[in-house]
Amino acid sequence: MTKTCPNCHQPNLPAAAFCHNCAAPLAAAPTVGAPPNQQQWQPQGGPVVGQPTPPPSAGASQRAMIALGLAIAALFCCGPLTGIPAAIVGWMELDSIKKGQSSDSGKWMAMVGLWGGIAFTILHIVIYVVYVIFVMLAASNPYY
Ligand SMILES: [Zn+2]
């Protein structure tokens, strides 16, 4: 059983509300239509409620915090192992802050990551070299 279009006489499915050939409304169907202005009740023009100002801690990007964390890890345990990634991540983060892609509030973390990462890497290398020199001196000195 089909519904014939009153406009172009194209047979349509009984459930069709519009002709699939010419898109004319198929009047016979008693569609339980939604009232047309059902969706219109929305407060218009109001300001977006909920986030008027971002909280101060939301600005620092995750990358800045990673750089800071890696630099701290470089200081306390890992030296170059995390110091070099800290410097790289910190540098990338500083770059994107400079371009305005990241929030300025993560800048100090990125700085610590960059310079701390470099400094702690050098520090660990220096400590290691000094340690090796001492061991070699001690080993070569029979009276020590
Ligand atoms: Zn039609």
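This is a predicted model: local features need pLDDT of at least 70, side-chain atom pairs count only at pLDDT 80 or more; totals for chains, interfaces and linings use all residues.
**Entry 1: overall layout**

I began with the whole chain. I counted 3 helices and 2 strands in the protein chain. Reading from the N terminus, I get the order β-β-α-α-α. The chain has 144 residues, and buried residues make up 22% of them. I then looked up contacts between residues at least 6 apart in sequence; 48% of these join residues at least 24 apart.

**Entry 2: helix H3**

Next I went to H3, which covers residues 107-140. H3 has 34 residues. From first C-alpha to last, H3 reaches 49 Å, close to the 50 Å expected at 1.5 Å a residue. I checked the axis for a bend and found one of about 25 degrees at Gly116. Gly116 is also on my list of buried residues in H3. What covers the buried residues of H3? The cover includes helix H1 (62-78) and helix H2 (80-98).

**Entry 3: helix H2**

H2 has 19 residues, which should span 27 Å at 1.5 Å a residue; the end C-alpha atoms are 26 Å apart, so the two agree. Its buried residues are Thr82, Gly83, Ala86, Ala87, Val89, Gly90, Glu93, Leu94 and Ile97. I noted a glutamate, Glu93, in that buried set. These buried residues pack against H1 and H3. After H2 comes Gly100, and its phi is positive, near 80 degrees.

**Entry 4: H1 against H3**

For packed helices I want two values: the angle between the axes and the distance between them. The axes of H1 and H3 come within 8 Å and cross at roughly 25 degrees. Angles under 35 degrees count as roughly parallel, so H1 and H3 are roughly parallel to each other. I logged the crossing of H1 and H3 as left-handed. On the H1 side, the contact residues are Ala64, Met65, Ala67, Leu68, Leu70, Ala71, Ala74 and Leu75. Among the H3 residues they meet are Met109, Val112, Gly116 and Phe120.

**Entry 5: H2 against H3**

The axes of H2 and H3 come within 7 Å and cross at roughly 150 degrees.

**Entry 6: positive phi in the loops**

Last, I looked at non-glycine residues with positive phi. His9 has a positive phi of about 65 degrees. I found His9 in the loop between strand E1 (3-4) and strand E2 (11-12). Is His9 buried or exposed? His9 counts as exposed, because 10 C-beta neighbours lie inside 10 Å and the cut-off for exposed is 12 or fewer.

Ala23 is not a glycine either, and its phi is positive at about 65 degrees. Ala23 lies in the loop between E2 and H1. With 10 other C-beta atoms within 10 Å, Ala23 is exposed.

Note on methods
Residues are numbered from 1 along each chain as its sequence is written. Helices (H or I, at least four residues) and strands (E, at least two) are DSSP runs, numbered from the N terminus. The expected span of a helix is 1.5 Å times one less than its number of residues. The bend at a residue is the angle between axes fitted to the seven residues ending there and the seven starting there. A residue is buried if 20 or more other C-beta atoms lie within 10 Å of its own, exposed if 12 or fewer, and partly exposed in between; C-beta atoms are placed from the backbone. Two residues are in contact if their C-beta atoms, placed from the backbone, lie within 7 Å. Axes are lines fitted to C-alpha atoms, for helices over the stretch in contact, and angles run from 0 to 180 degrees between N-to-C directions. Angles under 35 degrees count as roughly parallel, over 145 as roughly antiparallel, 65 to 115 as roughly perpendicular and the rest as oblique. A crossing is left-handed if the near helix is turned anticlockwise from the far one by less than a right angle, and right-handed if clockwise.
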